[in-house]
Amino acid sequence: MSKSLLPPAYHIFCDEFGDQGLKRSASEWFIVSAVVISADREHEVPRWVSRINGHRRNPQDAPLHFVALDERMKIWATRFLGKLPLRCFTLISHKANMIGYRNVRAERAGDLREYRDDATSYETKPRRGLRYPNFVLKVLLERVTEWCCWHSKLNYGSPRQASITIAQRGGFYLDPFKSYLEIDRRNSNSRTGTLPGYLSWPVVNLDLISTAPANNVAGLQLADVVSGAFSRAVDEKRFGTCDMRFAMNLKPRLPKKYDQIANFGVTGLPWDLWKANLSPNQEMLFRAVGYGDGKLVRPGPILLVG
């Protein structure tokens, strides 16, 4: 973990859309997004949010939230955001396919310790509801911090730290999440992790990860717009139809890796997206960001000849 004396060169703001529960819920998908802004532009963020709010019919100094915007404003806000000097990342997780997901090491990091009367011995009890949101947020931050590491090497010649602010939501707890990431750091050093990737630890400092109410932080409100835009593009069950216009307005700000947005600027879970039984309209979104048949089409039976 980096402990640089230099101030953060990037600010990462994370927010989500959809509830985190894996059982019956209003949302079929859980979406978490991040907006990355260079430190030298952070002072501009409140002005950007005010610019969007200024086009609302009755802003009344209300914080910016995607669900509160009418269709005209959703289009305007996402077009405006798609032209700003920032980067947007989104992870779109189909919740039904996460039922039964287990990562034992991560679970241990999230367990509660209930100490006995001697104050030294204890028993561990699972802290329910933490594993799934921690997992998807970690996968998102793997991609975000990789971009920050690459960009800082390009601009500064070496990795520079990023601060991370996560919107306060029910069911998310910062200390267990930091413990979860500490496991990732150790696994990264020893290359013993059970997941396919790690955060780019040269740019990560656990002391620079915090939570805040989205209503109080302009950067979190921009991340809310990103999450909301992709929710409208994929959560057909919740909204009755898929509307890709808002998400596609953000496409210029979605980073690429190996010239592909897929699995970097936009990441779909499960890894084999055909397991989500996507509708034709949902499939269109993933194809628009570069997912191909290998991830979207269920493999056929293997025919043995001879």
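How do the residues of the lining of the second largest pocket divide into nonpolar, polar and charged? I got eight nonpolar, four polar and five charged. Ala, Val, Leu, Ile, Met, Phe, Trp, Tyr, Cys and Pro count as nonpolar, Asp, Glu, Lys and Arg as charged, and the others, Gly among them, as polar.

Basis. I worked on a predicted model, where local features need pLDDT of at least 70, side-chain atom pairs count only at pLDDT 80 or more, and totals for chains, interfaces and linings use all residues. Residues are numbered from 1 along each chain as its sequence is written, and side-chain values use heavy atoms, with hydrogens and water left out.

Pocket. I noted 17 lining residues for the second largest pocket, with Glu 142, Glu 146, Gly 197, Tyr 198 and Lys 257 nearest its centre. Helix H4 (residues 131-156) gives the largest share of this lining, three residues.

Helix H2 (residues 71-81). I listed its buried residues (under 20% relative accessible area, 1.4 Å probe, protein chains only). They are Met 73, Lys 74, Ile 75, Ala 77, Thr 78, Phe 80 and Leu 81. These pack against helix H1 (45-53), helix H6 (218-234) and helix H8 (245-249).

H6 and H9. I looked up Phe 230, Ala 233 and Val 234 in H6, which meet Gln 282, Leu 285 and Phe 286 in H9; contact means heavy atoms within 4.5 Å. By class, this contact of H6 with H9 has five nonpolar, one polar and no charged residues.

Technical notes. Buried means under 20% relative accessible area, exposed over 50%, partly exposed in between (1.4 Å probe, protein chains only). Helices (H or I, at least four residues) and strands (E, at least two) are DSSP runs, numbered from the N terminus. On a 1 Å grid over the protein atoms alone, a cavity is a set of points where a 1.4 Å probe fits but cannot get out, and a pocket is an open set with protein on both sides within 12 Å along at least five of seven lines; lining residues have an atom within 4 Å of a point.
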